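Hi,

Here is the structure I promised to pass on. Have a look at it first, and then read my notes below.

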Amino acid sequence: MPLVTSEKMLLDAQKGGYAVGAFNVENMEMVKAVIAAAEELKAPVMLQTTPSTIKYGTVETYAAIVRSEAERASVPVCLHLDHGNSFELAVQAMKAGYTSVMIDGSGEDFETNIALTKKVVDVAKAIGIPVEAELGKVGGKEDDLEADADTNTDPAEAKEFAERTGVSSLAVAIGTAHGFYVGTPVLDKPRVSAIKELVSVPLVLHGASGLSEEDVRECVQRGMCKVNFATELRAAYTDAVKKLLEEKPETYDPKKYGVVAMEAVKEQVKLRMKMCGCDGKAE
């Protein structure tokens, strides 16, 4: 089916008490693997690219790959710009065919973040594209994005931010981090509930790679409607290729690497979709 926006997906998740899994993809193989997992589990799915992934390819390249695969899929597929770092990139992604965008002004002060986010929302709403923003800072490092410390989201600020910007969804910080965790993450899960009480739009959890099943399920139960996974998919992909080369060092056909990598990524995605509770939710 044609690409869909994230709006109905996330509102359905909010009403249904589950979360949509959002998976960062780097190439055609990862796109195929994520969509295959969604089809097997009959789950709606969001595929995401970050600014550094786009730098590796282009928004046009990724839009073409995902659109082509989505058109043959039996489940709803959304293509999302993850951590869009400028107004210009957000607009470029929308023009290329992305059906959801994130503008990340979380590194700015509160008023600057609001102004940047609203500028993107005003353009996106005119063409029916939903916008995700971030308030508070998720720690760790993902691609070119790095935060030295975690600054958890204030519920009252989240309410004001959502109302003044008109965003469709809001990523909030509760102690997660991008990349793999060095120690055991300490999540402020009650904060999710507190934010949900004041904020009407769907909430988004970043930095979920490496979180336990218990952590993911509780965050979803408390109100997270979209959960992002990136680093662990890269690791699954790379580990599968390494294993193939260890067992069959004579392998030189890149397609052989892709076959084992796709299977590994697909299984990891299926695991996370079940934790999010979005399996069987595709319409």
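Keep in mind that this is a predicted model. I started with the aromatic side chains, and there are 2 aromatic pairs in the structure.

One of them is Phe23 with Phe229, a stacked pair with 5.5 Å from centre to centre and 20 degrees between the planes. Phe23 and Phe229 are both buried.

Phe161 has 0% relative accessibility, and because anything under 20% is called buried, Phe161 is buried.

That brings me to helix α7 itself. What does the packing of α7 (residues 155-165) and α8 (residues 189-198) look like? Their axes come within 9 Å and cross at roughly 40 degrees, and the crossing is right-handed. On the α7 side the contact is made by Pro155, Ala156, Ala158 and Lys159, while α8 brings in Arg191, Ala194, Ile195 and Leu198. Sorted by type, the residues of this contact are 6 nonpolar and 2 charged, with no polar ones.

Lys119 lies over the face of Phe87, 4.3 Å from the ring centre. Lys281 has its charged end over the ring of Tyr18, at 5.0 Å from the centre.

Last stop: Thr49, which you will find in strand β2 (residues 45-49). Is Thr49 buried or exposed? Its relative accessibility is 1%, so Thr49 counts as buried. And which residues is Thr49 in contact with, leaving aside neighbours within four places in sequence? The list is Val25, Ile54, Tyr62, His80, Leu81, Asp82 and Tyr98. If you want a distance to check in your viewer, the C-alpha atoms of Thr49 and Gly84 are separated by 9.1 Å, and the two residues are 35 apart along the chain.

That's it from me for now.

Cheers

Terms used. Residues are numbered from 1 along each chain as its sequence is written. This is a predicted model: local features need pLDDT of at least 70, side-chain atom pairs count only at pLDDT 80 or more; totals for chains, interfaces and linings use all residues. Side-chain values use heavy atoms; hydrogens and water are left out. Axes are lines fitted to C-alpha atoms, for helices over the stretch in contact, and angles run from 0 to 180 degrees between N-to-C directions. Helices (H or I, at least four residues) and strands (E, at least two) are DSSP runs, numbered from the N terminus. A crossing is left-handed if the near helix is turned anticlockwise from the far one by less than a right angle, and right-handed if clockwise. Contact means heavy atoms within 4.5 Å. Ala, Val, Leu, Ile, Met, Phe, Trp, Tyr, Cys and Pro count as nonpolar, Asp, Glu, Lys and Arg as charged, and the others, Gly among them, as polar. Rings of Phe, Tyr and Trp (its six-membered ring) pair if their centres lie within 6.5 Å; planes under 30 degrees apart count as stacked, over 60 as edge-to-face and the rest as tilted. Buried means under 20% relative accessible area, exposed over 50%, partly exposed in between (1.4 Å probe, protein chains only). A charge sits over a ring if NZ of Lys or CZ of Arg is within 6 Å of the ring centre and within 35 degrees of the ring normal.
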